[in-house]
Amino acid sequence: MTLTAFNVVVPAILATKLAFSFSKLSDVVKYDHQLSSPLTSFSQLQEGLYLFDHSIDPYAGGTFRHSPLLLALFSTVLPSSRTFAPFVWVLFDAIGAWALVNIWRARQNVASSARDGVIATLYLANPYLLLPSLALSTSTIENALILLSIMFSCQRKSSAALLALAFGSQLSPLAAFTLPPLLLLLITDPHSHLASPKPLSVSIRKTLPYLAEFFAYFAVLTFCATLVTGDWKWVSQTWGTWLTLLDTTPNPGLWWYFFTEMFDHFRPFFLMAFTVHLATYVVPLCIKFQYDPLFALFLLLGLLGTFKAYPTLSDPGLFLSMLSVFPEIFPYLRHHTVTAILHLHAALLLPLFNHLWLVQGTGNANFFYASTLVFACANGAAVMDCLYAGMRIAIGANSEADGHFVVQE
Amino acid sequence: MVLLPRLYLALIVLGASIPCRAGLSEYFNEKLTLTPLRDGKVASTFSFSTLLKGGSPRDPSQLGEDDESQHYTLFPLGLGQILREYGVAELHLSLNAGKWNYDRWGYPLEPGVGTGAELWAWLGDGGVRSVDDRWKGLRSALAGLFCSSLSRLDEHRTTSPAETFKPEGSLPETSHHQLRHASLPSENVCTENLTPFLKLLPCKGLSGIATLLNPHKLFDANWHGLGVHVLWHKDEGVEVRLTFQGIFDPLRSAYVRKQDWSFESLFARKIEKACPVANSSEILVTLPQTGEYSISPEPTSIRNSMAVYDTKLVQKPLNLAMSWPHDFDHLAASSTREPLTSLSLQRTLRESSQLDGHLTVSLTNHKDTSTDVLYLETMPWIVQFYLHTLVATVEGRVKVDAVSNISYIPAIPHSRPTTFQAVLSIPPNSTLQLTMDVSKAFLRYTEHPPDAQRGWDLPPAIIMPLDDKLNSPRLYTPNILVDLATPDFSMPYNVIIFTCTVISFIFGSIFNLMTRKFVIVQMDPKESK
């Protein structure tokens, strides 16, 4: 029964998605900045491909910010027309869902389980992931690559995992922040140890060969990218954008309005502060959850989705869909209703206020900005609650009886 | 022995005369062309040309050294100093207001009729100061000279489309020359620009044709614009041509029924005396080919169906007047007639939101032969092209081979504009429509002008027919207004505070959770009461 559910529901969702891709809906979402940022938009990719095919350097200007690797892939192997591209996106969605199901299986240490279909559905039917995929945002590819690298490291296929992550980091350099927990995952196991915290039993030095392997892949891919374009201009055009935020196109994140309104002489300082802030979470999470690096990785993805520079809906979407892999924390979530309502609130307000400001002209930028704040609160609340539950689990369920309370000292 | 002092004297005189450029002679010619248009309006073109015989542009490699001293009698010193300071080989500045209607007014005598300010110059390469540095200085100097915001023609506006803006004079062969072009469509032309313009003329506005440059009337015209052109002719010298064009409407008042005009009605002035230093001073009036009319006074001569008046010869005060016996037939003038130019242009930006838009350029070829044109867009970075959506259609059908030889320099956000150039071939008697999606940028709040909600003027596209004569006229499309999304200008502090609060709240909560241990405490219910 459950296996048929998996075999029927998943193809059905994929087919529906494909059907939607050819409907009017994909035209409506084509230029929507909440679904695809300037760094992941398909229109920009097509523009870059057009320039590339007409032997104009796409990186000479300032609007094309995709990796040269995507340029190479889409100008040769993958189709780039609006007719055939949806097939590629549905394929990457399927890969992402398959990887997530395999992560779940590896965490439970089973070959297949009754929840496989649910987990795949939670990934494929998550509106935060579905809509960017319909808009043909390349964040779908980035998410699939991150999930693939996690899946391979759960399965102890270190080279495949590191290669997938190196490729993902080429597309979006922030993905490299997930390298430390991924390396820990490679030297430990993906099973749940949240209930029984213990210090890391293996030497951290065992990660060093993997680290070297990652950098080797990364260097080779960087070199390939340079071969594609012929010079190094692409580095500042793609990765540099994450640091300089030249494009302040609205998105559901926190950076764009902050740096639209920022005084020019404070801009470098706050750019530095925001970037460093992102990096501060990596090491503490790895230390705290050294007994369960998969959980650390999950929390880190949630924080990146909340605080990164050019987020789209698909970044928090990846975190929310991954939540399904950790059912053991569900009983300990403190304010799941509040978080859900905040998300509902933000999900309704974001498109509404975006439309009122930019299309109707009846609202101003502050309305949309306010809803991005609500969205950040919703994402932050979800991450904080998961963090609390992941640590609270260790105390046990029956410890709050006879006048005993669990508190933090 | 007696000869010796004389020899000394001769040497002193000779030595003094060399740096004074005393050998250069200067010629001043002025010309006014008046053309009654078929819609009842009157096109007038003033042209004041000063030729510095034997002069040549300054060699850019000598810019670091002291320049030879400049002594002019007719040549404008203020402009001459700027030209020598920045080593300018050729310069064209125009400041216009209004939309030139090619269909009804035909080709203008001075081709630079794009709305707003347009400046382009050819500068020699080499020497201590770079071309861009001198271009910047030139902009600022001209801004000061003409009391205009030309310094805003900065690197956000500067392009180098050398195919469209070919030098009209000759360029010195000693160094390689580069073009710099910039336009500022929101710049206006007004009295404050005309006053310094008049000061550059040898007779100012006191005598000769320049008497007619009455700001009250000129800036009331339907279309008006002034131009400054500096050219170097290899065998002649440096020429400065100051021009003023205007389209006047004698029929503007509802009580006027005839298209009669005179100097008195157009300019509220007469020519009282001729400019004494002018070599030639001519007024040309295009005589209508059909209908009855009268012109007074009697022209000095008739040349190519144009009445020619020499202001030195005719009786003064001169109040040239044309009159028609019958009322002007508005119905006949407004009914559809063949356009006066072989090409009609239209450019629109359709937009449903502040995210993106749809740029459409329509070119209609009225000739019986197919024509090739060079199409140039110099778009500030605030509007970015999606070239992959470029579609050319002829009468509704997609025509792939209509666009060729695309050259494209993409924009750089917060600095360089886009330069897009392509050759379009338009079939005979048909309309070529070019459409393209564009995306609009989101600016930082300090980049918005004070009147941010007004929108941004985009510079005109320039069309140049290729199959005509060698020096084919440039055609300017009307400029368009783009509506960019604006942030709230009143709350930078609030945004900084709100965002930082949310981030620090989440950051604080997470590190609070991670750094503190979970413990079980016993609370005695009795004690707590």
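The contact between the two chains takes 55 residues from chain A and 47 residues from chain B; two residues are in contact if their C-beta atoms, placed from the backbone, lie within 7 Å. The model is predicted: local features need pLDDT of at least 70, side-chain atom pairs count only at pLDDT 80 or more, and totals for chains, interfaces and linings use all residues. Residues are numbered from 1 along each chain as its sequence is written, while chains are lettered from A and ligands numbered from 1 in the order in which they are written.

On the side of chain A that touches chain B, the elements giving two or more residues are α3 (42-53), α13 (255-260), α15 (282-288), α16 (293-307), α18 (336-360), α19 (365-392) and β1 (404-408) of chain A. Helices (H or I, at least four residues) and strands (E, at least two) are DSSP runs, numbered from the N terminus. Helix α19(A) supplies the largest share of this side, 12 residues. By class, the side has 29 nonpolar, 19 polar and seven charged residues. Ala, Val, Leu, Ile, Met, Phe, Trp, Tyr, Cys and Pro count as nonpolar; Asp, Glu, Lys and Arg count as charged; the others, Gly among them, count as polar.

A strand pairing also links the chains. β1(A) runs antiparallel to strand β26 (residues 518-522) of chain B over five bridges. Two strands pair if DSSP finds at least two bridges between them. Within this pairing, A:Q408 stands opposite B:F518 in β26(B).

Chain A has 19 helices and one strand. Its radius of gyration is 21 Å, close to the 22 Å that the globule rule gives for 409 residues, so chain A is as compact as a globular protein of that length. The radius is taken over C-alpha atoms, and the globule rule is 2.2 Å times the number of residues to the power 0.38. Along its principal axes, the C-alpha trace of chain A spans about 70 × 55 × 50 Å.

Two helix pairs of chain A illustrate its packing. Helix α5 (residues 85-108) and helix α6 (residues 116-124) of chain A pack at an angle of about 140 degrees, with their axes 9 Å apart. Axes are lines fitted to C-alpha atoms, for helices over the stretch in contact, and angles run from 0 to 180 degrees between N-to-C directions. The two helices are therefore oblique to each other. Angles under 35 degrees count as roughly parallel, over 145 as roughly antiparallel, 65 to 115 as roughly perpendicular and the rest as oblique. The crossing of α5(A) and α6(A) is right-handed; a crossing is left-handed if the near helix is turned anticlockwise from the far one by less than a right angle, and right-handed if clockwise. From α5(A), A:D93, A:G96, A:A97, A:L100, A:V101 and A:W104 meet A:D116, A:I119, A:A120, A:Y123 and A:L124 of α6(A). This contact has eight nonpolar, one polar and two charged residues.

Helix α9 (residues 158-171) and helix α11 (residues 207-229) of chain A pack at about 45 degrees, with axes 9 Å apart. α9(A) is thus oblique to α11(A). Their crossing is right-handed. Contact residues of α9(A) include A:L162, A:L163 and A:F167, and those of α11(A) include A:F214, A:Y217 and A:L221. The residues of this contact divide into 11 nonpolar, four polar and one charged.

Between α7 (127-134) and α8 (139-154) of chain A, the loop holds A:L136. Phi of A:L136 is near 55 degrees, a positive value in a residue other than glycine.

Chain B has nine helices and 26 strands. Its radius of gyration is 30 Å, well over the 24 Å that the globule rule gives for 529 residues, so chain B is more spread out than a compact globule. The C-alpha atoms of chain B fill a box of roughly 125 × 85 × 50 Å, taken along the principal axes.

One open sheet of chain B has five antiparallel strands in the order β14-β15-β21-β17-β18. β14 (343-350) and β18 (397-398) stand at the edges, each with a single partner strand, so one side of each is left without a neighbour in the sheet. Inside this sheet, β17 (residues 383-394) and β21 (residues 431-440) of chain B pair over eight bridges. B:A392 has B:L434 as its bridge partner in β21(B).
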